[in-house]
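I opened this entry to look up a few points in one structure.

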Amino acid sequence: MRAIKTETLKDGMYFTKKLFLDKTFLLLDASIPVSKSLLQELEEWKFEQVFSDGEMSLGPMKALDMQSKIIKRQTLPDTSLIESAIEKKDELKRKNDIEKLETVRQIYYQYIAYTEYVYTHFSTHIHFDKNDIISKVKNLCIFMKDFSKYFLRITNETYPFSRTYLVHHSMRCLVISLAIGLQLHLPLSKLIDIGITAILHEVGMLKIPPQLYLTDRLLSAKEKKQLMTHPLLGVQILKQADFPEAIQRGVLEHHERENGSGYPRFLTGENISPIGKIISIACVYDGIISERRYKESKTTSQAIIELLRNESKQFDPVITKALLSCLSLYPIGTYVFLSTGKVGIVTDINPASLKTPFVELVGEYDESGRPKTIETNETDLKINRVLTNKEIGEIIKYVGKGGGGTTAP
């Protein structure tokens with residue numbers, strides 16, 4: 001890093017990279033300007049120089065410009081696989097679980113690419129293709145009705161925290177929210193509204209410097225307050241784009257809580273829209289199971305238990321019950337240790353008992369060479385515990401990427 005004399009710093013000046021007080025102490029993130037108070041403090045502390053690898057600028061780099069560099073997909077990605085899968089749905093149903101999972105995995109990552117494109121396109125053009133978004137979400141709703149368990153299995157796979165956090169988070173919330181909607185037997189029109197809201201619920205973040213939600217340092221009170229404006233910024237964006245009011249409200253209210261402890265309007269109970277309630281619990285569930293720089297991720301089972309406790313009555317019990325019903329106490333994709341001493345991955349729920357899901361035994365196959373699946377119970381095939389994330393990592397390394405019994409050891 002190069003040294004910069006403090007006497008050359010000006011109020012409102014920006015740096016293209018982080019600014020350090022010394023070679024270890026972070027002073028400012030990129031895109032946060034030098035302030036008068038900071039200059040006064042540097043003078044009082046008698047610091048004559050600071051350090052950075054970046055360049056000085058007298059003009060701010062707008063948050064949207066920053067975002068377009070972080071979320072880089074500029075061209076419309078191919079999402080045609082889901083269309084052909086819908087047309088050949090009956091044929092896909094006859095295939096084995098490995099083939100179904102692989103098809104769904106390809107569709108899932110096509111939709112991640114599409115979500116990335118939606119965010120990038122708005123960042124660079126300030127425009128949404130509403131009809132295209134509606135079409136894509138409609139196709140996903142139709143397809144998920146028959147294959148939701150495979151989407152949930154992929155959604156519950158861990159992913160490292162990265163600069164495309166908004167994209168991955170939005171996609172996971174999309175799947176979880178639609179699963180809740182399907183469990184509640186909502187009509188297709190409502191599911192489409194939920195899906196669009198899930199994709200766009202974090203769009204307000206695009207007007208906030210990305211360093212505020214990508215940083216690994218503690219935020220100041222002022223920065224936290226700025227971050228909490230993203231639902232308001234999001235609803236303003238969607239209002240200008242003329243999205244339906246139900247979608248606008250869902251975006252505005254996805255951080256509200258039943259007991260009034262949420263934001264930005266501190267709404268309670270029935271004052272929160274149904275879509276806001278669904279996106280809210282999907283957001284929290286994903287936040288619990290996702291790795292962040294400031295916290296370790298928890299298992300999917302731990303997340304369900306935490307939400308079921310519903311401390312301080314933050315969540316609508318009907319929505320919470322629907323989440324439990326579509327995920328069970330051991331959500332699809334959860335690695336478990338059985339009373340037989342074997343390890344398995346949950347592949348489907350058991351509607352008759354949310355404690356005894358169907359489990360695919362790791363590394364075991366039937367006579368046809370397919371992964372061996374069993375129905376657990378509360379006696380001789382009981383789930384003893386959920387594997388830790390460290391244990392899961394070791395299992396995946398052992399059997400190959402994807403886990404389960406999909407690759408022979």
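**Second largest cavity.** I listed the lining of the second largest cavity: Tyr114, Tyr117, Val118, His121, His127, Phe128, Asp129, Asp132 and Ile133. I looked up which elements give two or more of these residues, and found helix 5 (97–125) and helix 6 (130–155). Helix 5 gives the most, with 4 residues. I then sorted the lining by class and got 5 nonpolar, 2 polar and 2 charged residues. The volume came out at about 50 Å³. I keep in mind that the model is predicted.

**Largest cavity.** How many cavities of 30 Å³ or more does the structure hold? I found 4. The largest has about 60 Å³ of space. I wrote down its lining as Glu256, Arg257, Glu258, Ile272, Lys277, Ser280, Ile281, Gln314, Phe315, Asp316 and Ile319. By class, this lining has 4 nonpolar, 2 polar and 5 charged residues. Which element gives the largest share of it? Helix 13 does, with 3 residues.

**Isoleucine 279.** I stayed with helix 13, which spans residues 274–289 and holds isoleucine 279. Is isoleucine 279 buried or exposed? I read a relative accessible area of 0%, so isoleucine 279 is buried. I set aside residues up to four places away in sequence and looked up what isoleucine 279 touches. The list is Ser177, Ile194, Thr197, Ala198, His201 and His254. I also checked isoleucine 279 against isoleucine 319, which is 40 residues away along the chain. Their C-alpha atoms are separated by 10.0 Å. Ile319 had already come up in my notes, in the lining of the largest cavity.

Strand 7 (residues 335–338) and strand 8 (residues 343–348) pair in the antiparallel sense, over 3 bridges. What is the bridge partner of phenylalanine 337 in strand 8? I found valine 343.

How values were computed: Residues numbered from 1 in each chain as written. Predicted model: local features only at pLDDT ≥ 70, side-chain atom pairs only at ≥ 80, totals over all residues. Heavy atoms only, no water. Pairing = 2+ DSSP bridges. Buried < 20%, exposed > 50% of the residue type's maximum accessible area, 1.4 Å probe, protein only. Contact = heavy atoms within 4.5 Å. 1 Å grid on protein atoms, 1.4 Å probe; cavity = no way out; pocket = protein on both sides within 12 Å on 5 of 7 lines; lining within 4 Å. Points joined across faces, edges and corners; volume = space filled by probe spheres on them. Nonpolar A, V, L, I, M, F, W, Y, C, P; charged D, E, K, R; others polar.
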